[in-house]
Amino acid sequence: MVREANNRINRKRVYFLFILFVAAFALITYRLISIQYIYASKYKSEADFQHKEEYVVNSKRGKILDRNQVELATSLIEKTVYANPKLVLSPDKEAEALAEILALNPDEIKEKLNNKDLGFAYIKRQISSETADLISQLNLPGIYIQNENKRYYPQGDLAASIIGFTGLDNNGLSGIELQYEKILRGVDGKYIIEKDVYGKMIPGSNNNYIAPVDGGEVILTIDSQIQYTMQEKLEEVAKAYKANTAIAVVMNPKTGEIYAMGSYPGFDLNTYQDFDEALYKDLGTSFTYEPGSTFKIVNISSSIDTGSIKPDQVFNLPPSILVGDKVIKEIHRNYNIKYTTGEIIKYSSNIGAVTSALAMGKQLFYEYIKKYGFGEKTGIDIPGEEPGLIYNYKNWSGSTIGALAIGQSIAATPLQIVRAACVIANGGYLVTPYIVKEIRLTNDKIEQPVMQESTSIIGKETAAAVKDMMLSCVQDGTGTAAQIEGVNVCGKTGTAQKVNKTGIGYTEGRVITSFVGFAPYEDPKIAIIVVVDEPQGPEDLIWGSTVAAPVFKDIMNFSLQRLRIDSGKEVDTGVVAK
Amino acid sequence: MSAANLKRAEEEIFYKKNQPLLYLVNREEENGREKIIQTRSGFFYVMVIIVFFLSMAILLNIGLKIQAINYERKIINVNELISVEKERSDRLALKVSELTSPARIVTSAKEELGMQISDKIKVMEISGSGLGVQEKVLDYIANKPASSSGLKGYDSFLGTINSLKDIVMVVSEGVLTFFIP
C-alpha cells in the first residue's frame, strides 16, 4: 500500500516535472524563434550598430587630358585626420599628442574632442602620408585617418572655363568636371569591419571590403599649346585695346573638333574662389552678341543657295537704302557703285547684303538662318551653352530683314558663327562641335562619344562660291590683316555696334569687333573666330579688320604650324633617296 | 555463495566481456538481473574516430585562420606600400605636368632666355623620294657632316628640332616644319 502511494506521488512529481520542462522548452523555443526569426532583422541591425563600423573608401577622380595626353586636371590622395568624440577615451591626452604631430593648437583639438554630442569632427585635412603614419602608430581611440581626393590643375588658367572645377566634396561644379561627373567620379568603396568594445578592429572577423572603382579619364580635343597661344593673344589684344573681353574658338571645320576655346580675362582653376564668378562662364558658347558683318556669309550663301541671286551677279548699289522705317547706310561710301556678289563680301557692303536678303524674302531667309542652327544650341558637350535668339519671321517688323542682313536683330554665340563659317569651309555641312575625344574607363574600355552626323544645309557649289568670296576678302578686301605668308586664308570681318543696356537702339563708340575665317583655302583644316568686346581707341581704328583680324592671323599661323598643316603646295627640296 | 550463484556470476562476467563497452540495459525487478536491450558494437570506436578527426579539423581550421590573418595583414601592408608608391608617382606626374606646361616653358624661354617664336615657319610636304618624311630628314642629316652643315639637334616642346646653318627643321609626328630665318 505504502509502495503504491509512493509510486503515485512519484508519478505526480514526474508529470509535474515533465510539464515544467515542456513549458520551459516551449518558452525557450518561442524566445529562440522570436530572436532568430520574428525580430531577427531588428536584433541584427542593433548588433551591427554595436559591432560593425563602415568606412568609406573614396574612389580616385579620373584625369582630364588634352588631345596629346597633357594633364589638365588630376587628383591626388591626401590624408585627413578626423575624430569620433564619442569614442575618444581621454580627450586631453589625445589632443596634446595630435597637436604635437600636426602643429595645431591643442586647445582647439581639446574643444572638438570634448564635444561628445558630435559623432564626427575634422582635426586636419590634407596632411602628408608620413604624418598620417605617425598618428596611426599612436593608436588613439576615436581618432581615424581617411583618404581624401584633392583636385589639381597643373596648367593653371589654361582652358579653365572648359575644364571647370570641383567643390570641397569633390563634386564637379562646372565645365567638363560637371558634364562628365559620373565618369570622372567613379564609385566609392566600403570597408566594413567588426570591432571590439574599444572600437578596435577584430582581426580575422568577417571584415568586408568593397573596393572603390576609380573614375575614368576624359580626353579632350583641346590642344594645350594652341589653347595657350590663343589665350596669350587674347590677353594681348584685350590689354592693348582695353577691351571688356576677348573671345576665340579654334575648331576643325570638317569634324567639329574644338582645338581651343577661351576668353580673356580668365581665371586660375587652382584658386577659382579668388575670382569673380562671372569669369567661370565659357564665353565661346555663352556670350551672345549681334554678329554684324560676319553674318553676311550666312545671308549671301542662303541667297545663292535659294537661287535668289547668282555668285557672279552684278548689283548697282546706292549709298543708303530704306527698309521698313529704317535707313541702312554704307559706312565708307556716299555714292552709287556696281558690286558683284563676291564684292559684297569682299568689301562688306551693307546695301549689297540688304539687297541680297530682300531678294530672298523673309520666309526663306528665316528658314536658312534656322538651318544654320541659329536660335538653338549647337549641342557641344559642355554645360551652360546659350541658344542665342532669332524671332520667327511672322513677328518681324518691316526693318528686321534689313537689320538681319547685316547681322543685327539676332543674338548668336561665337561658336554658332564659327560653325556657320565651317559650313562654307567643308562644302555645305553643318557640323556638331564637340570637345571630348574619348573616355577611358578603368576597365581599359575606351568609349567614343556619340557623334551626331553632319547635315548638308547648302549645296557644294554655293559653299565653294562663298569660300572664293571669303578668300578675296582676305587677299584684297577688308580682311587683309589676316593674311599669312604662303597660306591662302579665307575670312570675313565684322564690326557690330553694341545694343544699349536698355535694349533699345545702339550707342556710338561701343562696338564688338570680330573676324571669322578658315585655312588653308585648298583644304580647310582650321576655322577660327575672334571676338573683341568693346575695344577702346580712335573710332576710325576700331574695326574687325584692325582689332580682331591680326589676332586671328597669329592664332591661325601657330595652329597651322602646330598641327603640321602644309599650305597645299608641294616643294621639292632636292633630297633624293639612295 | 552457492555453486549455482557462482556459475551465474561467471556466466554474467563472460557475457559482459563479450559485449561492447556501450550498451543499454533493463534491470528486471523480480530477480535484479540486467537484460541488455540495445548495443552498437562499433559505435564507440566510430565515435572516437569522429571526435579525433573533428578535433583535427577544428585545429586545422584555427591554424588556417591564423595563417589567413597573417596573409591578410601582409596583403594590407603590401597594398599600403603600393598606394604610397602610386601616390608618390602621381605627385611626380603632377610636377612633370606643371614643369612642362606651355605657360611655364614659353615664359621661361622669353623672359629668361630671350627667345621668340619665329613667324617665319613653313610646313611643306617633301616629294621626289621613296622614303618617308622622317627617314628623308634623317637621311639628309646623315649625309651632311655636322661640321659642314652646322647641324645641331635638340628637343623642344614642339618636337625634335634639327638646326642647320640656314634652315631649321622640326621633325614631329611625321611631318616637317621648316623655320627659315
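What pLDDT does chain B average, and what share of its residues score at least 70? Keep that in mind as you read these notes.

1. **What you are looking at.** This is a predicted model, where local features need pLDDT of at least 70, side-chain atom pairs count only at pLDDT 80 or more, and totals for chains, interfaces and linings use all residues. Residues are numbered from 1 along each chain as its sequence is written, while chains are lettered from A and ligands numbered from 1 in the order in which they are written. For the complex, the predictor gives an ipTM of 0.70 and a pTM of 0.76.

2. **Confidence in chain B.** Here is the reply to the opening question: chain B averages a pLDDT of 69, and 49% of its residues score at least 70. (pLDDT is the predictor's confidence in each residue, from 0 to 100.) Helix 2 (residues 43-99) of chain B has the highest confidence, at 89, and strand 4 (residues 152-156) of chain B the lowest, at a mean of 43. Over residues 145-181 of chain B the pLDDT is below 50, and this stretch has 69 contacts in the model beyond near neighbours in sequence. (Two residues are in contact if their C-beta atoms, placed from the backbone, lie within 7 Å.)

3. **The make-up of chain B.** You will find 5 helices and 7 strands in chain B. (Helices, H or I with at least four residues, and strands, E with at least two, are DSSP runs numbered from the N terminus.) Of its 181 residues, 8% count as buried. (Buried means 20 or more other C-beta atoms within 10 Å of a residue's own, exposed means 12 or fewer, and partly exposed is in between; C-beta atoms are placed from the backbone.)

4. **A covered strand in chain A.** Now look at strand 21 (residues 526-533) of chain A, where 8 of 8 residues are buried. In a regular strand the side chains alternate between the two faces of the sheet. In strand 21 of chain A, one side carries Ile526(A), Ile528(A), Val530(A) and Val532(A), the other Ala527(A), Ile529(A), Val531(A) and Asp533(A), and all are buried. Strand 9 (residues 245-251) of chain A runs antiparallel to strand 21 of chain A, joined by 7 bridges. (Two strands pair if DSSP finds at least two bridges between them.) Val250(A) has Ile528(A) as its bridge partner.

5. **The core around that pair.** Val250(A) and Ile528(A) return here: with Val418(A) and Ala421(A), they touch the most other members of the largest nonpolar core, which has 127 residues. (Such a core is a set of buried Ala, Val, Leu, Ile, Met, Phe, Trp, Tyr and Cys residues joined through C-beta atoms within 7 Å.) A second, separate core of 11 residues includes Ala83(A) and Ile135(A).

6. An open sheet of 3 strands in chain A has the order 1-6-7, with antiparallel pairing. Strand 1 (52-57) and strand 7 (208-210) of chain A stand at the edges with a single partner strand each, so one side of each is left without a neighbour in the sheet. Strand 1 and strand 6 (residues 189-194) of chain A pair over 6 bridges, and Val56(A) has Lys190(A) as its bridge partner.

7. **A hairpin to find.** Strand 12 (residues 320-323) and strand 13 (residues 326-329) of chain A pair in the antiparallel sense over 4 bridges. Ile321(A) stands opposite Ile328(A). The hairpin has 2 residues between the strands, and Gly324(A) takes a positive phi near 65°.
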